[in-house]
Amino acid sequence: MLLGCIADDFTGATDLAGELARAGLSAIQLNGVPDDDEKVEAADAVVVALKSRTAPVAEAVAGSLAALRWLRARDANRIYFKVCSTFDSTPQGNIGPVADALREALGDPLDLVTPAYPRNGRTVYKGHLFVGDVLLSDSPMRTHPLTPMTDANLVRVLGAQTPTRVGLLPIETVAGGVEAVRARLAQLARDGCAHVVADAIDDAQLDVLGDALAGRSSGAEPLLATGGAGLAAGIARALRPQAQSWAGRRAGAWPHGPGVILAGSCSAATLVQIEQAKPRCEHLRLDPIDLETRGDAAVVDAIDFATARLGRRPIMIYASASPQEVARAQARLGREHAAALVESALRRIAIALASAGAQRFVIAGGETSGAVTDALGVRALAIGPEIAPGVPWTRSADGKPIALALKSGNFGGPDFFTRAFELMP
Ligand code: ADP
């Protein structure tokens, strides 16, 4: 494995896995740390998704060390700790304590830190994180309910989270190129720094950092870096000459069986996508009030409708509805009960259709995607081609004949559903 990644939340992991795939690595995303006997395909990069961003410190450290053990048992020596590109971490943790624990377990390599992600407007200058045109501390992150960020100086923010010394790799050095960066990092390590916050304001600078860390390295020396998806992409581009894309691996085949669209997202983009897809597929609407009053029979009807039509054209089953209709269902059933009825129906439908032979699933909705992926028992996803920015095709990398496109609400253009099936690898 060229790069082992530990992500502190699920959507961050998805973002990272997509960036690694775009950089040319075969990448797998794992939902949590797998059991030792779980079979997961080999890949250039593996991203273990945790939910440790706002967990108690001890829990975040223990989970990250468990992920590290799993990755190291598969020969990963280069470790990337993926955090949010707005840092999302208060003086109480968790980035400093987790990075310290990973560092110690790896034998104390210098930890290079930067959340810079210029493509998404995150840049670091003189150690200060900017979100678009403003300092982190002047951005809406200032009043985030869980992780308010009131200081943009990352040397100070990280310094408050660790007893170790935090240094700065200034922009002038990064602009000086790979050798200048290597020399300065070696000096900072001699000076006793454990973590070094790196400036970067564009992708070329992230490439310099990636190259300085991973270019020409054999992978024998442990490496630790902490940051957003931007630095990871820089490292991945430096590793590309050593990578084997999926095409170069004996990877599991992409499933080609019948396709299904399951939509639980009521976002504006999804509603347009559903209307656009209707003339091109058989479709059925699920109504939470009907699910409440008819119970099991409504779910069985939907399963019968879909199984009878599984074939060449995809089938679409959707609970998505206009804001007025959602409000009506919520007024009658309560917000959570309405959502639970829809999610449980979509879970059962997904399971029934998979056992009836459906293999390609396009799921609309963040929560809905989580529920359906869980119901189908898929915990390892191999990342394939991108359908729309941020939404790749994925397939099970744990032996199930299932491909999944997981789209959160507002992603994708009007023709997303038809495009997805046209693009199927
Ligand atoms: P998005 O990514 O667009 O936010 P999610 O799947 O995360 O989509 O969230 C949509 C939520 O709305 C889900 O919990 C789903 O069960 C619920 N839902 C879907 N259809 C309806 C409906 N007709 N009435 C009420 N709630 C619904």
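Me: Why is glutamate 325 called partly exposed in this structure?
Reply: In this predicted model, glutamate 325 has a relative accessible area of 28%. Buried would require a value under 20% and exposed one over 50%; a value of 28% lies in between, so glutamate 325 is classed as partly exposed.

Me: And what makes arginine 285 partly exposed?
Reply: Its relative accessible area is 36%. That value also falls between the cut-offs of 20% and 50%, so the term partly exposed applies to arginine 285.

Me: How do you know that glutamate 325 and arginine 285 form a salt bridge?
Reply: The N to O distance between their side chains is 3.3 Å. The rule asks for a nitrogen of Lys or Arg within 4 Å of a carboxyl oxygen of Asp or Glu, so this pair qualifies. Glutamate 325 belongs to helix 12 (residues 323-333) and arginine 285 to strand 13 (residues 282-285), and the two are 40 residues apart.

Me: Why is the pair of arginine 53 and aspartate 88 called a salt bridge?
Reply: The closest N and O atoms of arginine 53 and aspartate 88 are 3.8 Å apart. This distance is within the limit of 4 Å, so the pair is counted as a salt bridge. Arginine 53 sits in the loop between strand 3 (45-49) and helix 2 (57-73), while aspartate 88 sits in the loop between strand 4 (78-82) and helix 3 (95-105), so the pair ties together parts 35 residues apart in sequence.

Me: Are arginine 53 and aspartate 88 buried or exposed?
Reply: Arginine 53 has a relative accessible area of 16%, and aspartate 88 has one of 7%. Each value is under 20%, so both residues are buried.

Me: Which elements supply the side of domain 1 that touches domain 2?
Reply: Helix 1 (10-22) and strand 2 (27-31) each contribute at least two residues to that side. Strand 2 gives the largest share, 5 residues. By type, the residues of this side are 8 nonpolar, 4 polar and 4 charged.

Me: What area do the two domains bury between them?
Reply: Domain 1 and domain 2 bury about 1100 Å² between them, and 44% of it is on carbon and sulfur atoms. Gln29, Asn31 and Glu41 supply 35% of the area that domain 1 buries against domain 2, more than any other three residues.

How values were computed:
Residues numbered from 1 in each chain as written. Predicted model: local features only at pLDDT ≥ 70, side-chain atom pairs only at ≥ 80, totals over all residues. Heavy atoms only, no water. Buried area = accessible area lost by both parts, 1.4 Å probe. Helix = DSSP H or I, 4+ residues; strand = E, 2+ residues; numbered from the N terminus. Nonpolar A, V, L, I, M, F, W, Y, C, P; charged D, E, K, R; others polar. Buried < 20%, exposed > 50% of the residue type's maximum accessible area, 1.4 Å probe, protein only.
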